[in-house]
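My entries follow the order in which I looked things up.

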Amino acid sequence: MPAMMARAFYTVFSGLVLAGIIHIMIIILVPKYGTKDAWAYLSERSKNYEFTQLQNDANALGLSEIDPFFSYGICRYDLNDAPLKMQGDATESFWSASVFDEGGKIIYSLNDRTALNRELSVLVVDQIQGLELKESNWEELDNFILVETNATKGYVVLRALQPDNALVKDSNASENNGSEFLDLVSCEKFDIESVTKAIDS
Amino acid sequence: MLRFYLTILCALAIGIGLGGASAWYSLRQTHSFGGINIGAWTAWPFVSGGNADPYTIAKVVRDGNIPLGAAEGLAFEAHADDNGDALLFNCDYILSGQTPPARVWTLAAYHENGSLVKTSNSGKSAVYSGNIIRFGESGFRVNISTTPVAGNWLSVNESGNTNKTFYLMLRLYDTPSTSTTGLVSRRMPTILRGECLQ
């Protein structure tokens with residue numbers, strides 16, 4: 001009988017250890033293989049260095065929990081190609097942005113009040129590009145928020161308050177009148193050599 | 001020999017069953033693992049940090065949403081009223097009180113799958129701080145109801161969905177609540193159930 005007890009105990013114990021391993025594996029693997037991943041969704045609908053406004057039709061939008069009072073825009077970057085320069089006009093209404101890495105982690109976030117002169121002007125660089133920029137004494141660098149990251153790929157998501165959104169006015173409407181602020185946002189490769197070379201010569 | 005295989009089988013069943021169930025449970029939207037609770041509300045302020053824990057990251061991916069950065073704001077979810085009962089489409093609710101300080105806040109109702117509740121009548125399933133009627137001291141009240149009500153009305157009218165549940169998200173944009181000092185104010189609106197349709 002004691003042998004039986006020992007066996008039962010042994011079985012349950014191994015089961016629990018296995019349960020722990022499986023639990024941890026699932027938690028860690030969900031971000032890698034999650035099918036509802038916002039990043040996977042956004043990658044399909046946007047190109048690198050091209051600002052894309054997301055259509056604010058709740059059904060067509062694969063993203064969950066969209067705020068109906070906001071318009072969204074996304075800009076993807078790949079720092080192996082070039083640093084990212086993102087600019088937009090100053091505006092009275094609220095907007096905010098977050099810089100994400102490929103895994104969906106937030107690297108940096110800002111809103112219109114924390115931005116310089118309430119203008120969107122952000123440079124996303126890796127550490128080497130950041131060093132080059134700082135050494136270059138480029139005068140306009142002070143006009144940009146410099147975001148340094150170890151992640152080479154990722155995306156910036158911009159949200160602009162859009163209370164008059166069609167989605168809110170009429171729940172059946174699917175068209176989006178867009179955001180004037182988002183219409184004027186630029187997302188482009190930043191020619192870092194033009195800045196650093198000028199100093200060398 | 002049979003006993004040996006049976007032992008392995010049992011261990012495997014316990015492992016896969018418990019491991020899978022506990023992982024699923026900790027990633028469920030209604031569960032506040034890694035979050036903070038204020039009344040019926042739960043927020044995940046640590047989602048925006050560089051040191052976000054694996055549970056929070058996995059939850060973001062599983063939900064398929066775009067989390068708010070610390071400078072952007074803080075999102076609160078409520079899946080139940082203040083008594084702990086799930087929010088139902090066929091019940092009226094009164095949401096009242098105050099929010100932590102924020103420049104803009106929005107309140108919206110979602111289906112359990114994360115899509116915005118689309119109403120079949122003229123009402124809207126969302127309100128925001130700019131179109132709301134307040135009473136003194138910045139307190140406010142929102143009536144969540146299937147039928148039109150005076151004052152601030154958040155419509156959850158959905159034909160054929162009366163027994164299903166929904167959840168609310170209160171997003172505070174540009175709020176000091178996400179600062180490093182933690183949640184400065186712990187006041188959140190209460191959610192009380194009114195009458196239910198049979």
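Which residues are buried in H2(B)? I found B:Thr56, B:Ile57, B:Ala58, B:Lys59, B:Val60, B:Val61 and B:Asp63. Buried means under 20% relative accessible area, exposed means over 50%, and partly exposed lies in between, with a 1.4 Å probe and protein chains only.

**Ground rules.** I am working with a predicted model, where local features need pLDDT of at least 70, side-chain atom pairs count only at pLDDT 80 or more, and totals for chains, interfaces and linings use all residues. Residues are numbered from 1 along each chain as its sequence is written, chains are lettered from A and ligands numbered from 1 in the order in which they are written, and side-chain values use heavy atoms, with hydrogens and water left out. Helices (H or I, at least four residues) and strands (E, at least two) are DSSP runs, numbered from the N terminus.

**Helix H2 of chain B.** H2(B) covers residues 54-63, and seven of its ten residues are buried, so the rest of the structure largely encloses this helix. I then looked up what the buried residues pack against. They meet helix H1 (2-33) of chain A, as well as helix H1 (2-27) and strand E3 (73-78) of chain B; contact means heavy atoms within 4.5 Å. B:Gly64 follows H2(B) and has a positive phi, near 70°.

**Sheet in chain B.** I traced an open sheet of six strands, in the order E1-E2-E3-E10-E5-E6, with antiparallel pairing. Strands E1 (36-38) and E6 (126-128) of chain B stand at the edges with a single partner strand each, so one side of each has no neighbour in the sheet. Neighbouring strands are turned by 20° against each other on average, direction ignored; the axes are lines fitted to C-alpha atoms. Two strands pair if DSSP finds at least two bridges between them. E1(B) and E2(B) (residues 41-43) have three, in the antiparallel sense. B:Ile36 has B:Ala43 of E2(B) as its bridge partner.

**Cores.** A nonpolar core is a set of buried Ala, Val, Leu, Ile, Met, Phe, Trp, Tyr and Cys residues joined through side-chain atoms within 4.5 Å. The largest one has 29 residues, and B:Trp41, B:Leu107 and B:Leu168 touch the most other members. E2, E3, E4 (91-97), E5 (104-111), E8 (139-145) and E10 (166-173) of chain B each give two or more residues to this core. E10(B) gives the most, with four residues. I listed the contacts of B:Trp41 beyond four places in sequence; among them are B:Phe76, B:Leu95, B:Leu107, B:Leu168 and B:Met188. A second, separate core has 28 residues, including A:Ile74, A:Phe94, B:Leu68 and B:Val104.

**Disulfides.** How many disulfides are there over all chains? I searched the whole structure and found two, counting pairs of cysteine sulfur atoms within 2.5 Å.

- A:Cys75 is joined to A:Cys187, S to S 2.0 Å. This link is right-handed, with 70° about the S-S bond. The pair is 112 residues apart, with A:Cys75 in E2(A) and A:Cys187 in E9(A). A:Cys75 is buried at 0% relative accessible area, and A:Cys187 is buried at 8%.
- B:Cys91 is joined to B:Cys196, S to S 2.0 Å. This link is right-handed too, with 100° about the S-S bond. The pair is 105 residues apart, with B:Cys91 in E4(B) and B:Cys196 in E11(B). B:Cys91 is buried at 1%, whereas B:Cys196 is partly exposed at 29%.

Conventions:
Axes fitted to C-alpha atoms, helices over the stretch in contact; angles between N-to-C directions.
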